[in-house]
Amino acid sequence: MTPVTALETSLLRIATAGSVDDGKSTLIGRLLYDSKAILADQLEQVQEASERRSGEGGLDLSLLTDGLRAEREQGITIDVAYRYFQTARRKFVLADTPGHVQYTRNMVTGASTADVAIILIDARHGVVEQTRRHTFIASLLGIPHLAVAVNKMDLVDYAEDVFDGIVRDFLALARQLRVPDVQFFPISAKLGDNVVDASTTMPWYAGTPLLEHLETMSLADDVAGQDARFPVQWVIRDHDADYRGYAGTIAGGVLRPGDAVVVHPSGVRSTIAAVETLDGELDAAAAPMSVTVRLTDNVDASRGDMIVKVPSGDDEQAPVVTRRITADVAWMSEDALRPGARLALKHTTSTVRAIVDTLDDVLDITTLERVAAPAELTLNDIGRVQLKVSRELAVDPYERNRTTGSFILIDESTNETVGAGMIR
């Protein structure tokens, strides 16, 4: 058998968020530039665009992520710009998400799969309304780690007391929102202080630069702390060899040969005979690996079913098998969502039909308060929704598992994704 060398993935998914002009795009550009992750032709194009905007000799690193012409003309980010890069230690997928209230759906899209969110704060302004909103959305989306980058320290003379005051204010917010892990970094994205290289201008800061933190942070505890979940994507049959395997991507925890499992929604029990990849059998496999699972029994399971490790104690809980779902839905369509709406609902590998039973409340993105019993959800709204689905689904609360606790809503007439749900 081939062993799993580590439970943590080498890939880190990052989302950035901050108020307008806090420097999100510049920070991402600095990460790419100082880590030598830019091709020569890309750098040449950015240099030319910078000189057209700012004059000869200028280098505007924000242009490395602000790829849309409309964004460049307005000087703001209005869409999610994804960048892929790697260092000697790790691979990264980085999403620059927009800061405006009217682009809440874009932030939800960019941050929904993130392992860590970088929250940008302008050192001159401190924790502002948009900081609170972005941190709330990050906590709502269940992002387990926050890296708070206090930017533009050069504009406050690298003052330690300014940084300490922002740390105190943000920690009060983090406690209120029950954010599990927060780290703070005093930086200047424009000049490069504490982004990739340690700053010589802030000797009072004893921590690591931001990139080093991202390179070395462990995701092993995030995986190990999850209950084992395996949505079946494909059934592999070889009738001559009497082979039956279930292929898919592990959605949580660790699977090992010998584990007792139950297949939902049928409730049939069995034992894992083998966990396989193209390279052979594994001693163990962890989320988010793609594997084939063989069971000791000839179980009738198909796409959309979920193989779950049998709970062995208080640390593991079974999913809920249900046809009624309560969820916070981020609405992404210009057509409003109203009670009685019929949509397709995609949950892991299962697609079912859904009816909106009731709208319980809608979140005021500005005040972070819930307004009861709205008549509808409109574009960029986030509201509590009661749904009924056409067949039973095995679901988890979103705070326990972001994959099995989430879904998307699809307009079947246009095949457009119109909503993203987090099961409560």
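The chat below goes through a predicted model of one protein chain.

Trainee: What should I know about the model before reading numbers off it?
Mentor: It is predicted, so local features need pLDDT of at least 70 and side-chain atom pairs count only at pLDDT 80 or more, while totals for chains, interfaces and linings use all residues. Residues are numbered from 1 along each chain as its sequence is written, and side-chain values use heavy atoms, with hydrogens and water left out.

Trainee: How many helices and strands are in the chain?
Mentor: Eight helices and 23 strands. Both are DSSP runs numbered from the N terminus: helices are H or I with at least four residues, strands are E with at least two.

Trainee: And what percentage of the residues is buried?
Mentor: Of the 424 residues, 52% are buried. Buried means under 20% relative accessible area, exposed over 50%, and partly exposed in between, with a 1.4 Å probe and protein chains only.

Trainee: Which residues have the most contacts inside the largest nonpolar core?
Mentor: I118, F170 and L214, in a core of 67 residues. Helix α6 (residues 160-177) supplies the largest share of this core, seven residues. Apart from it lies another core of 22 residues, including L343 and V385. A nonpolar core here is a set of buried Ala, Val, Leu, Ile, Met, Phe, Trp, Tyr and Cys residues joined through side-chain atoms within 4.5 Å.

Trainee: What does I118 touch?
Mentor: Leaving out residues up to four places away in sequence, I118 touches I14, A15, T16, A17, L27, A147, A149, L210 and L214. Contact means heavy atoms within 4.5 Å.

Trainee: L27 is in α1. Why is that helix described as largely enclosed?
Mentor: Because nine of the eleven residues of α1 (residues 24-34) are buried. Among them are K24, R30 and D34, as well as L31 and L32. After α1 comes K36, with a positive phi near 60°.

Trainee: Switching topic. What does β18 pair with?
Mentor: β18 (residues 342-347) pairs with β19 (residues 350-363) in the antiparallel sense over six bridges. β18 also pairs with β22 (residues 406-411), again antiparallel, over three bridges. Two strands pair if DSSP finds at least two bridges between them.

Trainee: Which residues line the largest cavity?
Mentor: P265, G304, M306, H347, T348, S350, E392, L393 and A394. The cavity has a volume of about 30 Å³. β21 (residues 382-395) gives the most to the lining, with three residues. On a 1 Å grid over the protein atoms alone, a cavity is a set of points where a 1.4 Å probe fits but cannot get out, and lining residues have an atom within 4 Å of a point. Points are joined across faces, edges and corners, and the volume is the space filled by probe spheres set on them.

Trainee: Is the H264 to P265 peptide bond cis or trans?
Mentor: Cis, with omega near 10°. P265 sits in the loop between β11 (260-264) and β12 (268-277). The bond from A287 to P288 is cis too, with omega near 5°.

Trainee: Last one: is N380 buried or exposed?
Mentor: Buried, at a relative accessible area of 10%. N380 has a positive phi of about 80° although it is not a glycine, and lies in the loop between β20 (370-372) and β21.

Terms used. 1 Å grid on protein atoms, 1.4 Å probe; cavity = no way out; pocket = protein on both sides within 12 Å on 5 of 7 lines; lining within 4 Å.
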